[in-house]
Amino acid sequence: MNQHQKPTEENRTEVMEFVLLGFSDVSHLQWFLFGLFLAIYIIILLGNGTILLITKIEPTLHTPMYYFLGNFSFLEICYVSFTLPRMLVNLGTQRRSISSVVCATQMCFVLVLGAPECFLLAVMSYDHYVAICNPLNYSVLMNHKVCTQLVTGSWISGIPVQIGQTFQIFSLSFCASNQINHFFCDIPPILNLACGEIFVNKMMVYIVAVLFVLVPFLLILISYSEIIFTVLKLSSTTSRAKVFSTCSSHLAVAGLFFGPGIITYLRPKSSHSSDIEKVLSLFYTIVTPMLNPMIYSLRNKDVIIELKNYYINNSFE
């Protein structure tokens, strides 16, 4: 009855190919899901691409906040492009097999691109903190050099760790089953197939998750705690409302991304459920990239104004 009992050495096999089960348990909805996820992918590309374009070409948006937002939108496009297209192929062709090399590559890029998402969200919260709590020194603390260093550090800091973690996981021996109960190659379902003692691997997953997920999330909470205390001291109700409106957009995106991620990678193994993991993964791999441009643009007057100006100017050319 113990599903997690590991087989003996002679029962181990070298797995050259995995099978991504995805949403095969709802086979009658395959084409509906294909259409749904295709529409979501198009929305993600158009929405985040629009934000990336408008923050690059409009001089009035050449500020630290929109510099970070543009990078975040580009990152979302890259991140989702390593999961959704493969899912669409699996749904459209019903061919769910994926080689171990391609699976490892997908996991590596998802992890490498997931780390800067966490750091960029923390950087964006720090930008809000400096702008609201220390406005007189904002131009000094958030000058172009500092912003470039923060973005560059966010992009590259996780690369060696995540490549090492991917190599460590795919160096394991895997059991007879090669079926991954997920829609992409993620760490928890891959470790479920591993044979032998994997305590060290699980501990590395927890340590990396704490450093790359929990720590940035705590920094975000600290930043916004300071912001809330500062805002409550403001005498103007209008100023309070404006600050809360600006910050709530970022908090919504951060909550959608970090919440499911923390539950997936840091909750006890005994409480894991493959179906729950798939649903949670949808939030930080698909839902957040889809809602990101909607949340930031619909609640941001500057972006809306510049979008209107851009389309008006181009329509008369």
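Predicted model: local features only at pLDDT ≥ 70, side-chain atom pairs only at ≥ 80, totals over all residues.
I stepped back to the overall layout and found 12 helices and 3 strands in the protein chain. Of the 317 residues in the protein chain, 45% are buried. I also looked at contacts between residues at least 6 apart in sequence, and 80% of these join residues at least 24 apart.

Is Gln106 buried or exposed? Gln106 is also placed in helix α4, and I recorded 5% relative accessibility for Gln106, so Gln106 counts as buried. Its side chain reaches the backbone oxygen of Phe82 at 2.9 Å. When I listed what Gln106 touches, without counting residues up to four places away in sequence, I found Phe82, Thr83, Arg86, Ile98, Phe184 and Cys185.

Helix α4 covers residues 100-133 and helix α6 covers residues 144-156, and their axes come within 7 Å and cross at roughly 150 degrees. Angles over 145 degrees count as roughly antiparallel, and α4 and α6 are therefore roughly antiparallel to each other. The crossing in which α4 passes α6 is right-handed. On the α4 side I found Leu113, Pro116, Phe119, Leu120 and Val123, which meet Leu150, Val151, Ser154 and Trp155 of α6. Sorted by class, the residues of this contact between α4 and α6 are 8 nonpolar and 1 polar, with no charged residue.

Next I turned to helix α1 (residues 30-57), whose axis comes within 9 Å of the axis of α3, with a crossing at roughly 155 degrees. That angle makes α1 roughly antiparallel to α3. Here α1 passes α3 in a left-handed crossing. The residues I found on the α1 side are Gln30, Trp31, Leu33, Phe34, Phe37, Leu38, Ile40, Tyr41 and Ile44, and on the α3 side they are Leu84, Pro85, Met87, Leu88, Leu91 and Gly92. In the contact of α1 with α3 I noted 13 nonpolar and 2 polar residues, and no charged ones.

I then asked how the axes of α1 and α2 lie, and found that the axes of α1 and helix α2 (residues 64-80) come within 8 Å and cross at roughly 150 degrees. With that angle, α1 is roughly antiparallel to α2, and the crossing of α1 and α2 is left-handed. From α1 the contact takes in Tyr41, Ile44, Leu45, Asn48, Gly49, Ile51, Leu52 and Thr55, and from α2 it takes in Tyr66, Leu69, Gly70, Ser73, Phe74, Glu76, Ile77 and Val80. The classes in the contact of α1 with α2 are 10 nonpolar, 5 polar and 1 charged.

Which phi does Gln94 have? I found a positive phi of about 65 degrees, although Gln94 is not a glycine. Gln94 sits in the loop between α3 (84-93) and β2 (97-99), and with a relative accessible area of 40% it is partly exposed.

Val19 lies in strand β1 (residues 17-20) and counts as partly exposed at 21% relative accessibility. I noted that Val19 and Ser177 are 158 residues apart in sequence and 9.3 Å apart in space, taken from C-alpha to C-alpha. Not counting residues up to four places away in sequence, Val19 touches Arg96, Ser97, Asn178, Gln179 and Ile180. Last, I looked up Ile276 in helix α11 (residues 274-298), which is partly exposed with a relative accessible area of 41%. Ile276 and Ile263 are 13 residues apart in sequence, and their C-alpha atoms are 10.0 Å apart in space.

Methods:
Residues numbered from 1 in each chain as written. Heavy atoms only, no water. Axes fitted to C-alpha atoms, helices over the stretch in contact; angles between N-to-C directions. Helix = DSSP H or I, 4+ residues; strand = E, 2+ residues; numbered from the N terminus. Parallel < 35°, antiparallel > 145°, perpendicular 65-115°, else oblique. Left-handed = near helix turned anticlockwise from the far one by under 90°. Contact = heavy atoms within 4.5 Å. Nonpolar A, V, L, I, M, F, W, Y, C, P; charged D, E, K, R; others polar. Buried < 20%, exposed > 50% of the residue type's maximum accessible area, 1.4 Å probe, protein only. Polar contact = N/O pair within 3.5 Å; in protein donor to acceptor, adjacent residues only side chain to side chain.
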